[in-house]
Amino acid sequence: MPPLFDSEKCIRCGMCVRDCPAYILELDKKRDRTPRVIEEYRLECWHCGNCRISCPCGAISFEFPLYTLV
Amino acid sequence: MRVTKRDWGSLYETDVLILGTGASGMGAALKAAEKHADVLMLGKGTLESSGSLGGGNDHFMAVLDTDEAYDNVESFVDFYMKSAYGYRREQLAQWHDAFAPCLAVLDEVGTEFKPGEGGGRYRSVGFGQPGAWWLHIVNGRTIKRNLAKKIRRLNGVSVLDDIQITRMFARDGKVTGCMGFNVLSGETVAVACKTAVTCLGWHAQRAANNSTNNPFNCWFTPFTTGSYFTQAYHIGAAVINADISGRTTMLPKGWGAPGMNGINNMGGHELNALGERFMGKYDPMWENGKRRNQIMGTEQEQLEGYGPPFYMDMRHFSPEDAYHLQYVLMPADKETYLDYCAARGIDFRATPLEVEIGEMALSGMLLADERMETTVKGLFAGCNFTSFSGAMCGGYVAMNHAADDAAKYDMASLDEGEIRAWKEKDEAPLRNGAPNALTCTDFENPIRQVMDYYAGFRRNMPGMKLALEKLELIASRREKVKAKNLHELMRLHEAFDLLELCRMHLDACLQRRESGRGMYKLADYPDLDPALDKGLVVRLENGSPAYSWLEKQAL
Ligand SMILES: Cc1cc2nc3c(=O)[nH]c(=O)nc-3n(C[C@H](O)[C@H](O)[C@H](O)COP(=O)(O)OP(=O)(O)OC[C@H]3O[C@@H](n4cnc5c(N)ncnc54)[C@H](O)[C@@H]3O)c2cc1C
Ligand code: SF4
Ligand code: SF4
């Protein structure tokens, strides 16, 4: 999967959203502004890790999608 | 830099314009500040993360002029004059001269290089080169951010993030500016300039798929789709070798990550399904020879049924080397490397890494004189040199001349009527409510469908001609596209440039009747033709491509 966000660690700074070169992240108003991947564009994730590099709180992890594991 | 609001958006005026904010754009910005030039750099994404350098790089190529064998400008220039087309000796010498200042900046912003045993920087050999020109970076994930911090503070350098550039402008054979739109706000921006450095990226992705069929799961950045070539071509720049410059690499199975440079140059062995090492049949330097030979060799083994699977075997490495490769270099090359390894249970010390042949990234060069000026006056080529070093140094070298020449010209004035008309056209997909309108994926996927089917590693002339007709069909649907938001409008404009580059590539391939110089083989022209040891130049003349050959000796 593209990035997963730990809402406990996240301080809602929006840096991951800002620096995603794919423009596929947004702050989710329904989940207290925790970032999320825009579902419709999730396959555009390059797995570049820029969101995680930008995150000041270590709130981002990755679970690689099935199509990359076979 | 000056900005004024207009009824159609914002008009910027800058002495020197930098298009693209990747490694090359950054090299250009650094040189601009040294020369006290007034510059505006703009591109998609943010300066901190855009382009192929965004998620990290782990090697930087540099000749350091020591007493070591081949560590000098002559060897460097000779290597590239022999192995590539379209370079001039003076250009390569300037690339060489940029190593020291670019390395000084990398040091200044905190880039750490693996130390050599006797002091200095550790270096290794790669890509069939004669000398140990590759420095190993140990904290490569953050290079782009560290450089961005410096660049944002440079006097005279302004940065405009989040801009999809849709076209460049020229008048009387001289560059005048560019236009595009902000992908977050939708605002139209146009930039008028005296001179420009184009840094829109040497490789174009999304022209082909790897085994995963996800075009965004690719080795170079998927957000660079050919604008370096197509947008410059439209205003009169000549492009070289759009046919044979396409390239690929071996990927970790199922994942678009590079990193083969580290694996090959540290001595990884490629194995076929039977566990046999085979690259000696295809390159005297085995895996660490030319990347084209590794791909063509693997492709041949695959055709003969000796794979898949293929593997890169590092089990013979010392534990320290295997550790350095997997845990220091690879995550600096792509930030998520260790997550991939964890998900697949990969340990270089214990198990070979399954690999596959990657998708073809299209490429080429802009024809440039010894000062990196293209065939469009005032437009300088920032992405003509290869790799991270070539991008950063290439931008740096091009800016040296672009900044000087800005003194020769007045500020260009752009035709605002033309800007309004283009804006209308560029935004039309946002207004298209037709029930049979095509989405960005409806439009873009067929491009790869054509390229994968007719323009793979094995192909033929009639197949490529048919492919071109099919790309024409796709082009004929350009007015039928729709975008539900700015994100999709950006993807559509990326696809427009991609489509043009694919057409340019195939049309150029039809001119070269031989095999073995690029990464593909033609069944109808299976042999290398020594008479074609030259560059193929294409230039737009009266709306059609005009071809000529560039003799190597003429360089
Ligand atoms: C993960 C990874 C690891 C790598 N590791 C190494 C390494 O260790 N050593 C090495 O030498 N090389 C490495 N490379 C290659 C190297 O990073 C690239 O060659 C180099 O960064 C290219 O820089 P560039 O500026 O020429 O192009 P790009 O990085 O493609 O930059 C072009 C910029 O222009 C923007 N752009 C393009 N078109 C448009 C448009 N129409 N409108 C607006 N903006 C646009 C793009 O978004 C991008 O920001 C690696 C590449 C990747 C992807
Ligand atoms: S890995 Fe890269 S492309 Fe994917 S969400 Fe993070 S920043 Fe965006
Ligand atoms: S960068 Fe980290 S802390 Fe900031 S919004 Fe994203 S996940 Fe949350």
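B:K5 stands opposite B:S10 in β2(B). That pair belongs to a hairpin: β1(B) and β2(B), with 2 residues between them. On terms: helices (H or I, at least four residues) and strands (E, at least two) are DSSP runs, numbered from the N terminus. Two strands pair if DSSP finds at least two bridges between them.

Some ground rules. This is a predicted model, where local features need pLDDT of at least 70 and side-chain atom pairs count only at pLDDT 80 or more, while totals for chains, interfaces and linings use all residues. Residues are numbered from 1 along each chain as its sequence is written, chains are lettered from A and ligands numbered from 1 in the order in which they are written, and side-chain values use heavy atoms, with hydrogens and water left out.

Next, a sheet. Which strands form it, and in what order? The order is β4-β6-β5 in chain B, an open sheet of 3 strands with antiparallel pairing. β4 (59–61) and β5 (123–124) of chain B stand at the edges with a single partner strand each, so one side of each has no neighbour in the sheet. Strands of a sheet pair through backbone hydrogen bonds, either parallel or antiparallel. β4(B) pairs with strand β6 (residues 134–136) of chain B over 3 bridges.

The loop between β4 and α2 (73–83) of chain B holds B:Y70. B:Y70 has phi near 60°, a positive value in a residue other than glycine.

Another loop, another backbone detail. Look between α7 (291–303) and β14 (310–313) of chain B, where B:P308 is found. B:P309 is in the loop between α7 and β14 too. The peptide bond from B:G307 to B:P308 is cis, with omega near 0°. The bond from B:P308 to B:P309 is also cis, with omega near 5°.

Now the domains. Chain B is divided into domain 1 (2–202 + 364–416), domain 2 (250–357) and domain 3 (428–554). Those bounds come from an automatic or database domain assignment.

How far apart are the C-alpha centres of domain 1 and domain 2 of chain B? They lie 30 Å apart. In contact (heavy atoms within 4.5 Å) are 18 residues of domain 1 of chain B and 17 residues of domain 2 of chain B. The two domains bury about 1,400 Å² between them, with carbon and sulfur atoms giving 52%. B:D58, B:F127 and B:R141 supply 36% of the area that domain 1 of chain B buries there, more than any other three residues. Buried area is the accessible area (1.4 Å probe) that two parts lose on being put together, summed over both.

This domain interface has 1 salt bridge, meaning a side-chain nitrogen of Lys or Arg within 4 Å of a carboxyl oxygen of Asp or Glu. B:R141 makes a salt bridge with B:E335, with the closest N and O atoms 2.8 Å apart.

Last stop: chain B against chain A. The contact takes 43 residues from chain B and 25 residues from chain A. About 2,800 Å² is buried between the two chains, 52% of it on carbon and sulfur atoms. B:R145, B:F223 and B:H487 supply 17% of the area that chain B buries against chain A, more than any other three residues.

How many salt bridges cross between chain B and chain A? The rule finds 6 across that interface. The count over all chains comes to 53. A:R18 forms one with B:D162, the closest N and O atoms being 2.8 Å apart. A:R18 sits in helix α1 (residues 15–19) of chain A, and B:D162 in the loop between β7 (157–160) and β8 (163–171) of chain B. B:R491 and A:E44 meet in a salt bridge too, at 2.8 Å, N to O. On the side of chain B that touches chain A, the elements giving two or more residues are α9 (337–344) and α14 (486–511) of chain B. The residues of that side divide into 12 nonpolar, 17 polar and 14 charged. Here Ala, Val, Leu, Ile, Met, Phe, Trp, Tyr, Cys and Pro count as nonpolar, Asp, Glu, Lys and Arg as charged, and the others, Gly among them, as polar.
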